[in-house]
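I opened this structure for the first time today and kept notes as I went. Here is what I looked up, entry by entry.

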Amino acid sequence: MAYPVHRMRRLRAREALRRLVRETHLEPSQLILPLFVCPGQGVRREISAMPGNYQLSVDELVKECTDAHRLGLGGVILFGIPETKDEMASGAYAEDGIVQRAVRAIKRETPELVVITDVCNCEYTSHGHCGKIVDGEVDNDATLEWLAATAVSHARAGADIVAPSDMMDGRVAAIRRALDAAGFTHIPILSYAAKFASVFYGPFREAAQSAPRFGDRRSYQMDPPNAREALREIALDIEEGADIVMVKPALPYLDIIRMARERFDVPLAAYQVSGEFSMIVAAARNGWLDGERAMIETLLAIRRAGADLILTYFAREAARLLA
Ligand code: PBG
């Protein structure tokens, strides 16, 4: 039976009716704000390609976290910009590294806020790659030790969740083993399970000063055309002990989010990455589209595809709008 019995417009007539039959909802508690922490005091340096986002010294970061908590965000994820970089990424796993200090400071001020730490080496290596270079290549197994040490040092500082983003094979298992051995059996792992070698990370690399000095990340991050491989990556991470898995980027990979949602029952996160954010902000600044509506529509699309959680640079703005 079809028209005229069925008229799809009946339930679209007024906002109250639309709201009644809305299938997908967006809540501040589903949003995680990425923050960049750098050395110094009173530092608040705007990232030119990511308007409204800053490199923050620990004191400024703590203020931002108080705000995030007040807005009811699901949490924050921290990226560190160390004082100095070296071949060994020593700043990543130093007990008094920039992220470790930041976590301690946040936990003093807003202990209830969920603090996630990004576990990777690219911000800490002088060459900008995510792992140890051996004979000109990123060596998988040697890198696992750095990652495990970093995760443990973050947990020791008080991180609630650790999130490896390096795409080395076996890192979830290595991190789980190290956390358990150090007495952190209760700390969950959010793995960047299906992370693609994407052009949309461009603005982030300015923010985190982490662009590779030679080559690119295609020998460890995923090839964008591959969907079945993404599901294998996710399955392997779950087997290794990931508590939450992530697809990254988000909007260009909604099909992967949907497939992952249908196949797996663990909580699913998606990362609306820097380039996705900057494109919307740039178009809005040019008057080419309504930035607020583009923000909400893309976040809802990511939720509709199946993501439970979204890491997004719009977290604050979206939460304010939803309040
Ligand atoms: C570190 C890392 C990157 C992002 C998150 N963690 C950069 C990269 O892999 O080059 C990108 C996030 C974004 O673009 O917003 N490995």
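This is a predicted model: local features need pLDDT of at least 70, side-chain atom pairs count only at pLDDT 80 or more; totals for chains, interfaces and linings use all residues.

**Entry 1**

My terms: on a 1 Å grid over the protein atoms alone, a cavity is a set of points where a 1.4 Å probe fits but cannot get out, and a pocket is an open set with protein on both sides within 12 Å along at least five of seven lines; lining residues have an atom within 4 Å of a point. Grid points are joined across faces, edges and corners, and a volume is the space filled by probe spheres set on the points.

The largest cavity comes to about 140 Å³. I counted 18 residues in its lining, with Phe79, Lys195, Tyr201, Phe204 and Lys248 nearest the centre. By class, this lining has 8 nonpolar, 4 polar and 6 charged residues (Ala, Val, Leu, Ile, Met, Phe, Trp, Tyr, Cys and Pro count as nonpolar, Asp, Glu, Lys and Arg as charged, and the others, Gly among them, as polar).

The second largest cavity has about 40 Å³ of space. Among the residues that line it are Pro34, Tyr54, Glu64 and Arg316. Strand S1 (31-37) and strand S3 (54-56) are the elements that give two or more residues to this lining, and S1 has the largest share with 3 residues. (Helices, H or I of at least four residues, and strands, E of at least two, are DSSP runs numbered from the N terminus.)

Then the open space: the largest pocket has a volume of about 480 Å³. Of its 15 lining residues, Arg12, Arg18, Val21, Arg22 and Glu23 lie nearest the centre. Helix H11 (residues 291-305) gives the most to the lining, 4 residues. I sorted the lining into 5 nonpolar, 2 polar and 8 charged residues.

**Entry 1: helix H8**

Ala230, Leu231, Glu233, Ile234 and Asp237 of H8 are buried. They cover an arc of only 155 degrees around the axis, which puts them on the same side of H8. (The arc is that of the directions from the helix axis to the C-beta atoms.) Arg228, Arg232 and Glu239, on the other side of H8, are exposed. (Buried means under 20% relative accessible area, exposed over 50%, partly exposed in between, with a 1.4 Å probe and protein chains only.)

The buried residues of H8 pack against helix H6 (171-181), strand S9 (190-195), strand S10 (244-248) and helix H9 (254-263). Just after H8, Gly241 has a positive phi of about 120 degrees.

**Entry 2: helix H2 and what follows**

In H2 (residues 58-70), the buried residues include Val58, Leu61, Glu64 and Ala68. Just after H2, Gly72 takes a positive phi of about 80 degrees.

Gly74 sits in the loop between H2 and S4. I have Gly74 down as partly exposed, because its relative accessible area is 24%. Beyond its neighbours within four places in sequence, Gly74 is in contact (heavy atoms within 4.5 Å) with Pro28, Ser29, Leu31, Ile32 and Val114.

Most residues other than glycine have a negative phi, and most peptide bonds are trans. I looked for exceptions. Tyr3 and Pro4 are joined by a cis peptide bond, with omega about 10 degrees. Lys248 to Pro249 is also cis, with omega near -10 degrees.

Asp135 has a positive phi near 50 degrees, and at 77% relative accessible area Asp135 is exposed. Gln209 also has a positive phi, near 50 degrees, but Gln209 is partly exposed at 41%.

Conventions: Residues are numbered from 1 along each chain as its sequence is written. Side-chain values use heavy atoms; hydrogens and water are left out.
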